[in-house]
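I am opening a notebook on a structure that is new to me.

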Amino acid sequence: MFLTSTTGKYVSLRRTIGLSSGLALLLGNEAIARGALEAGIGVAAAYPGTPSSEIVGSLYDVASDVGIYVEWSTNEKVAFELCWAAALSGVRALTAMKHVGLNVASDALMSSAYTGVREGFVVVSADDPSMWSSQNEQDNRLYGLISYVPVFEPENPGEAKELTRFLFDFSSQMKHPVILRTTTRLSHTRGQVSLGPIPKPKTAGEFRPEPGYALLPGNSRVRRLELLRKWESIEKELAKFPFNEVRGDGKTLIVAAGLSHAYVSELVNRLGLTDRVRILKLTTVYPVPKDLLLRAVEGVEKVVVVEELEPVVELQVRALLGASGVNVEVVGRGLHERAYEVTFEKVESVLRKVFDLPPASEKGGDGGSQVNIPPRPPVFCPGCPYRPLFFELRRVINQAKIKAVFAGDIGCYSLAYYPPYRLQDTCVEMGGSIGLGNGFSRVLGDAVVVSVIGDSTFYHAGIPALVNAVYNEHPQLVIVLDNMVTAMTGHQPSPSTRLNGRYVPLENLVRGLGVELVSIVDPYDIGRVREEFLKAVEYVKASRRPAVLIFRRKCALVALDEMREAGEPIAPYVVDGQKCTGCGICYNFFACPAIGSGDDRKAYIDPDLCIGCGACAPVCPFKAIAPSKPIDQERLARYWF
Amino acid sequence: MGSVRELNIVIAGVGGQGQLFLSRLVAETFLRYGVPSMVAETHGMSQRGGSVLVHVRVGKDVRAPLIPKGRADIMLGMELIETARYVDYVKEGGVILANDKMIVPPGQHAKVERSALIEYVSGRSVRLYLLPSSSRAASLGIPLSANVHIFGALVALLELAGIFGAEVDSLVEALLPRRFLTQNTVLYRLGKEDLKSVVNPVGLTGIQKLLGLLS
């Protein structure tokens with residue numbers, strides 16, 4: 001359905017394409033996409049990353065209907081640069097990335113403030129408070145401070161659409177890139193959006209050279225001074241920014257931006273505080289407009305800043321009030337835990353403290369019986385090619401007593417950190433596997449260093465590290481998991497995805513770099529997994545050079561989708577209760593979610609969850625697992641490769 | 001209908017069971033009645049067979065997406081362990097419509113008992129209605145559509161509470177998945193019937209009282 005299909009995923013945006021008025025329920029990310037369409041963008045590009053993926057994903061889905069150019073690029077920097085060039089040439093462009101993606105594109109971001117743009121350029125940074133799908137909780141509003149790029153934040157999908165459209169005009173007017181900052185909660189909240197017309201997009205540009213586009217030191221020094229002057233005019237312009245708002249006449253000013261404002265608004269009503277507060281709703285989170293703040297603070301006795309993560313707005317408020325000689329108490333930091341996303345509970349406790357209300361009564365644990373509720377971390381899907389691979393690697397490492405360090409990476413395979421596989425000792429950032437592998441293999445003596453990286457992540461940031469491994473002779477075994485798609489984020493094409501027959505073959509690339517031992521293995525073939533792994537370990541030990549094993553089989557969700565599309569019957573596998581001894585290898589160590597066990601410890605396959613892949617059959621030492629009806633797995637292979 | 005101020009529904013289940021589609025059915029139905037709604041979805045890593053909680057907030061007073069614990073009027077439980085995990089989101093006297101399917105996480109098989117879960121949930125101050133959603137869906141040959149059955153049950157509940165009128169069926173049936181539309185329509189209607197047969201007259205009064213406050 002919505003989760004797995006590779007086409008028609010963004011039906012909600014697609015359905016609105018013919019409409020120029022009325023209401024639609026759109027995901028925050030789709031609303032941003034719609035705003036960009038209504039602003040007449042000609043180009044969009046991105047590398048996928050939760051929670052940003054649906055922005056360019058939904059644009060990709062409607063690109064040919066609207067007549068714009070949209071691509072999935074190899075990484076965020078490449079996507080940023082493509083869009084930047086379009087905007088330099090007078091074509092409106094949008095790039096979107098998760099917060100840590102902007103780290104990858106940050107080199108480009110810094111220079112883009114120096115060059116400026118000729119037409120609107122919106123950079124969407126989708127941050128991930130609470131780290132639902134990320135390695136850290138960085139607050140990318142701070143990028144505004146270092147780059148001199150203004151940062152804006154909407155509070156709901158409806159406003160996200162309007163703001164995005166407006167920002168293209170603002171960026172065009174100021175000839176400057178802008179950052180639209182969203183968060184997981186906003187990006188993945190569906191809400192009402194009022195639709196406006198979509199103009200005919202301008203997709204062809206014209207390049208007019210300027211010295212400020214060539215940032216050699218002499219030009220950069222000039223541009224730096226111009227940037228500082230431009231920043232003053234941006235600050236001035238933001239004083240009348242229509243998405244900011246001051247309301248109410250109370251003696252306490254609450255300053256809130258983005259989602260924090262949504263929580264504040266609802267709670268002020270619910271707690272009966274309407275007459276006691278004035279609210280400054282901020283959409284311009286950096287820079288906070290000075291004149292607006294000074295107006296809002298007139299006659300108030302106290303300022304309360306409610307914000308998520310770092311005190312970005314609060315520090316500006318303190319600095320602006322201090323510099324203007326306004327002597328009023330400001331509170332914010334310390335009223336609640338800085339970590340994790342803003343919630344009703346958090347904002348309510350802040351308001352109760354500030355207004356001296358009794359603490360809210362705690363719900364939960366109302367005296368009923370207790371029960372064991374087992375944790376349910378995310379797992380590899382039924383049919384996932386990574387499961388048999390990690391199952392067999394864990395087994396061979398235990399049996400052959402190999403001392404190994406696994407430098408992992410970002411993708412579905414990060415889940416191999418968890419039992420029963422435990423094959424990710426590190427997982428730090430995109431491409432970090434081979435990069436750390438270079439260092440580990442230099443200093444860890446006789447331990448075998450194995451880097452594990454997916455195809456999409458390898459193209460994204462793994463290649464420079466592998467070039468380094470070859471050139472500087474770092475003895476590590478690199479495992480590339482090639483499921484021919486960027487799976488974790490929703491099946492966007494990676495350069496290994498066959499797109500109208502076009503792709504960039506991994507093995508050619510790796511051999512071309514000079515890696516001598518390169519093998520391509522089907523991860524379902526656990527006998528060969530074992531054999532090739534042991535061979536590669538020996539090669540790395542003996543030659544002191546890197547080797548690459550490519551484990552290739554399509555993501556099961558893609559294969560399954562294509563089978564269903566083609567009307568292939570799916571025959572689940574079953575366990576023969578006579579042969580099953582209840583050893584538990586299949587449900588405890590192979591650990592497919594479709595395999596469970598009964599009171600007699602014998603295995604049982606849930607026919608609703610089993611996709612008939614057959615990967616579990618060779619795992620059973622007693623040959624107790626077989627298809628429920630005959631399946632021609634060789635014929636089905638075309639869906640898997 | 002236009003007067004719903006705040007109705008909070010949490011949807012609990014296992015990634016892949018169709019919580020997102022279910023939440024969209026609910027929100028789109030209210031949109032057709034002109035009532036604004038917000039749905040906080042779960043994407044990314046948790047989708048991979050993990051525990052999923054989707055927040056649906058409906059009504060004109062709603063500004064923010066998340067439902068705090070103890071403030072959900074209704075829970076739709078797609079799976080028993082997840083229903084138990086999130087039961088604290090349901091307010092005192094709230095309604096839980098729970099699919100009686102249990103999906104045990106890998107490696108946890110010895111440690112969970114269906115009867116203990118049901119006892120735990122019904123021991124709270126909530127009204128629990130168990131529904132055979134998965135088996136109904138399976139018997140129609142669309143095992144992954146238990147969400148459509150539970151949606152039918154929700155619509156019937158809101159009809160009993162006087163929030164939806166008889167016109168709801170024609171609004172809703174246009175939203176059902178087009179793949180296997182005939183089976184899905186049957187399943188939706190079965191969901192409505194099943195709900196009506198498990199809600200006894202005493203419970204019904206309670207539900208009308210509970211949800212009647214909202215409209």
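I began with the loop between α6 (168-173) and α7 (181-198) of chain B, where F180(B) lies. The model is predicted. Phi of F180(B) is near 55 degrees, a positive value in a residue that is not glycine. Most residues other than glycine have a negative phi, and most peptide bonds are trans. Is F180(B) buried or partly exposed? I found 17 C-beta neighbours inside 10 Å, so F180(B) counts as partly exposed.

Next I went to A591(A), another non-glycine residue with a positive phi, about 60 degrees. I located A591(A) in the loop between α21 (585-590) and β21 (595-597) of chain A. A591(A) counts as buried because 22 C-beta neighbours lie inside 10 Å; the cut-off is 20 or more.

Then I looked up cis peptide bonds. One runs from T50(A) to P51(A), with omega near 10 degrees. I placed P51(A) in the loop between β2 (43-46) and α3 (53-66) of chain A. Another cis bond joins Y286(A) and P287(A), with omega about 0 degrees. P287(A) sits in the loop between β12 and α12 (290-297) of chain A.

Strands β5 (residues 121-127) and β7 (residues 178-183) of chain A run parallel, joined by 6 bridges. I noted that D127(A) has T183(A) in β7(A) as its bridge partner.

Conventions: Residues numbered from 1 in each chain as written. Chains lettered and ligands numbered in written order. Predicted model: local features only at pLDDT ≥ 70, side-chain atom pairs only at ≥ 80, totals over all residues. Pairing = 2+ DSSP bridges. Helix = DSSP H or I, 4+ residues; strand = E, 2+ residues; numbered from the N terminus. Buried ≥ 20, exposed ≤ 12 C-beta atoms within 10 Å, placed from the backbone.
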